[in-house]
Amino acid sequence: MTAMPSSAQPGPAPVATGAAPDDIRAHLREDHERTLADADRLRVEQDSDRSAFLLRQLRRAWVIHALAEETVIYRALEAVDGRTEPHSDERFVEHELVEGLFEKLARLRPGTHEWRARLNVARYLIARHIENEHCDLFARLERCFDAEELAEMGRRFELAREKLSLLEEAKAA
Ligand SMILES: [Fe+2]
């Protein structure tokens, strides 16, 4: 089994040259970078209450990211070739595993050994997820869709995120 570097950073993502500002890849890149930065902020946080707050925020952002990505992007890709691609399945699993770790973390006292272990693994999985998507998913999107379709997908992704954010807010209220 390969070692799990707790500070693994995903490699530099390929730059989508000439991509429209609405291009789905730009939206995903932004969402991914924010998630990773939030996970890192949580890892260095020393205060318990602050940690619990940051975890709630990160967890909510992850749920929104995962659902928006699954409904808008994975489905669109599957519709193009009419098959479920194995990598898409891996991405679903990563979404689910990270959410499961967040759920466990929410029941732990921040700063304990178990808390740190689970948070490090969650961070590792998020980084792996991002790396795979930036290499593989982005190339596949480029192959399957033209610039206008990628921009349309970007707009639909943002709409889905907005709707899901409202739903999550309503749940939390
Ligand atoms: Fe993702």
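Of the 173 residues in the chain, 25% are buried, a residue being buried if 20 or more other C-beta atoms, placed from the backbone, lie within 10 Å of its own C-beta. The model is predicted: local features need pLDDT of at least 70, side-chain atom pairs count only at pLDDT 80 or more, and totals for chains, interfaces and linings use all residues. Residues are numbered from 1 along each chain as its sequence is written.

The chain has five helices and zero strands, in the order α-α-α-α-α from the N terminus. Helices (H or I, at least four residues) and strands (E, at least two) are DSSP runs, numbered from the N terminus. Contacts are pairs of residues with C-beta atoms, placed from the backbone, within 7 Å. Among contacts between residues at least 6 apart in sequence, 73% join residues at least 24 apart.

The largest nonpolar core has 13 residues, of which Ala 39, Leu 42, Leu 58, Val 98, Ala 122 and Ile 126 touch the most other members. Such a core is a set of buried Ala, Val, Leu, Ile, Met, Phe, Trp, Tyr and Cys residues joined through C-beta atoms within 7 Å. Two or more residues each are given to this core by α1 (24–44), α2 (48–81), α3 (86–106) and α4 (113–144), and the largest share, five residues, comes from α4. Another core, of 12 residues, lies apart from it and includes Ile 24, Val 72, Leu 77 and Met 153.

Ala 122 is found in helix α4 and counts as buried because it has 25 C-beta neighbours inside 10 Å. Leaving aside neighbours within four places in sequence, Ala 122 is in contact with Ala 39, Val 98, Leu 101 and Phe 102. Its C-alpha atom is separated by 8.5 Å from that of Glu 99, 23 residues away along the chain.

Helix α1 has 21 residues and reaches 31 Å from its first C-alpha to its last, close to the 30 Å expected at 1.5 Å a residue; the expected span is 1.5 Å times one less than the number of residues. Its buried residues include Arg 25, Asp 31, Thr 35 and Leu 42.

Helices α1 and α5 (residues 147–172) pack at an angle of about 40°, with their axes 7 Å apart. Axes are lines fitted to C-alpha atoms, for helices over the stretch in contact, and angles run from 0 to 180 degrees between N-to-C directions. In this packing, Ile 24, Arg 25, Ala 26 and His 27 of α1 meet Leu 150, Met 153, Gly 154, Phe 157 and Glu 158 of α5.

Note on methods:
Contact = placed C-beta atoms within 7 Å.
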